[in-house]
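Subject: Structure handover

Hello,

Here is the structure for you to look at. Please open it first, then read the notes below it.

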Amino acid sequence: MSWNRTLSNDFSQATALVADANTSTRSVMGAQLRELGVKSIRQVSRASDARKHLEAQTFDIVLCEQNFPQESITGQELLDDLRRGGMLPLATIFIMVTPEASYAKVAEAAESMLDGYLLKPFTAARLQERIAQARQRKVALQEIYQLIEDQSFIQAARLCLTRFNERAPYWNFAARIGAELLLRLARFEMAQKLYEAMLTAEPAPWARLGLARVQLEMGQPHKAKPLLEALLADEPSYADACDNFARTLVELGQFEEALKAYKTSTDLTPASIARLQRHGMLAFYLGDKPTAVALLERSVRLGLGSKMFDGQTLTLLAMQRFEIDEPKQFRQFFKDQQAMSERNPESVRLRRMVQALHVLDACLYQGAPETLEALSHLTEPILQPDFDFEAACNLLSVLALLATKDIIPPDGERTVQTLGLRFATSMAMCELLMGAAYKHERTCELLQASNTQVLRLLDQALAPSRSGEPGTAGKAVETLLAQGVATLNAKVIETAWRVLQRYESDIANATELAEKIEPWRQALGSAYNKPVLGDRNMRQSGGVSLRGMDSAPLQPTMGAAHHAHAV
């Protein structure tokens, strides 16, 4: 599914989707689109059917009813989910059709970059006017859109900045896209300045949220928290802000508060697949299995088969069925997970989930030798750079569940210690790892000990540099680098980099050390080592959907602002 056609005001080659539960309304809108010159028109009566078509095909125009009487999802929630999943190109015109458009709804439309509301009843002239206005903007910005689709992100950002600085037509739209590009390219300081400039020129909640998201990506949740608290005080029903507030609280280790923030978000948008899953995943790791299962199972009913559905949901549900000894239900989730992996053969992440469930399946249906053999394949990649926090949680869950069946691998404790030294970089991370391990007593002891060991390692390595004696800073950097490489601990590597930057003038071999550290910083970027719930490459709430970038690998985030070239 791609978009690479030159836009114009001629709609004879355009494709359209009309989604409305009312047959006569669909017919009227179809006829009005044909008057505009559109020849290819598809009509559906359900939001779920609209989702399937929009995931499978690119449309130039989408007319979508706001309310679907037989479904819990609204048109706005459908739009948000599609854009969060990168299913809609920026060139698509999306117009919401509704019997009423309150100020709150219009504001919500602006936040989601909706192209407009159309109040019922409306004339063909009114529909054509709205579409023409939206198309004019799309035509003006199409060079930027095409560069994004082609994954030429830096060039797209340059065009956005130029349009903003010159106050060219639609400069505000370009600025929002440009800020998102800079954020995703890890040009954090530039993104922050652009968001601040936008707030000065045109105060908007999305720009305030953008500033908070910059702080989060820079690894400074303590700075993001007050920004989000102030935003939510003014905009309490801003679901994207609730999502980011929950994410901030997770990174700060304030899990119960994060759970409340996720609940607010899912209450606001009860049919959002992504929000149900993130809420459910956090509840799972905090031990609230009834809440977790209810949320995750609802996401399965709404979205299994959707491109926005996250395979980790199936993994957690299967593990829960294993825990309560329901093998038939476990096997069904396992089969669904295998099918999802087969549909996405390029996904290492999904293959690892299948491997995790294969171990438990062997435990249920084969024997200890087969189980341990399957486990060896699961543990094999734990020292690979892309073995992330989520994979570590799944492995710890498997080890804990096997212990309930009296299957204890001979190298199990060493595996736990390896994971702890790599990922238990804070008490927040450590607590989530322990939650993933079902609070298994011995595993928790090992993880806590690993966290303490990492903190002690950092303190010991930094102690000489604090003395101010010549040569001690360089020694500290070398020690941290060696320990970071040995443990694959991103926090230790990043600390080595920060010490090097601070005392560079006092370190004789600073250039040599920088050349050694940088590849590890890139390989162990913080995206792999943060307590991310769900697919870390999925667009985070509050961002603009940049479809070419949504499918590209996540940019390294830890410290990248220190060395990024100017756009």
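A salt bridge here is a side-chain nitrogen of Lys or Arg within 4 Å of a carboxyl oxygen of Asp or Glu. Keep that in mind for what follows.

First, the ground rules. This is a predicted model, in which local features need pLDDT of at least 70, side-chain atom pairs count only at pLDDT 80 or more, and totals for chains, interfaces and linings use all residues. Residues are numbered from 1 along each chain as its sequence is written, and side-chain values use heavy atoms, with hydrogens and water left out.

**The chain**

The chain has 27 helices and 5 strands. These are DSSP runs, numbered from the N terminus: helices are H or I with at least four residues, strands are E with at least two. The chain has 567 residues, and 58% of them count as buried. Buried means under 20% relative accessible area, exposed means over 50%, and partly exposed lies in between (1.4 Å probe, protein chains only). Now take contacts between residues at least 6 apart in sequence: 66% of them join residues at least 24 apart. Contact means heavy atoms within 4.5 Å.

**Salt bridges**

How many salt bridges does a search of the whole structure find? The count is 27.

Start with R137 and D115. Their closest N and O atoms are 2.4 Å apart. R137 sits in helix α5, while D115 is in the loop between α4 (103-111) and β5. The two are 22 residues apart, and the pair links distant parts of the chain. R137 is buried at 10% relative accessibility. D115 is buried too, at 11%.

Next, D20 and K120, with 3.3 Å from N to O. D20 lies in the loop between β1 (15-19) and α1 (23-36). K120 lies in the loop between β5 (116-119) and α5 (124-140). They are 100 residues apart. Are they buried or exposed? D20 is buried, with a relative accessible area of 2%. K120 is partly exposed, at 29%.

K263 and D267 form a salt bridge as well, with closest N and O atoms 2.8 Å apart. Both are in helix α13 (residues 255-268). They are 4 residues apart there, so about one helical turn separates them. K263 is partly exposed, at 44%. Elsewhere, salt bridges that share partners join E494, R498, E518 and R521 into one network.

**Helix packing**

Two packed helices are described by the angle between their axes and the distance between the axes. Axes are lines fitted to C-alpha atoms, for helices over the stretch in contact, and angles run from 0 to 180 degrees between N-to-C directions.

Helix α11 (residues 221-234) packs on helix α12 (residues 239-251) at about 150°, with axes 9 Å apart. They are therefore roughly antiparallel, a term for angles over 145 degrees. The contact includes L228 and L232 of α11 and F245 and L249 of α12. By class, it has 9 nonpolar, 2 polar and 3 charged residues. Ala, Val, Leu, Ile, Met, Phe, Trp, Tyr, Cys and Pro count as nonpolar, Asp, Glu, Lys and Arg as charged, and the others, Gly among them, as polar.

Helix α14 (residues 273-285) and helix α16 (residues 311-323) pack at about 35°, with axes 10 Å apart. Q277, M281, F284 and Y285 in α14 meet Q312, T313, L316 and Q320 in α16. This contact has 4 nonpolar, 4 polar and no charged residues.

Best wishes

Methods. Parallel < 35°, antiparallel > 145°, perpendicular 65-115°, else oblique.
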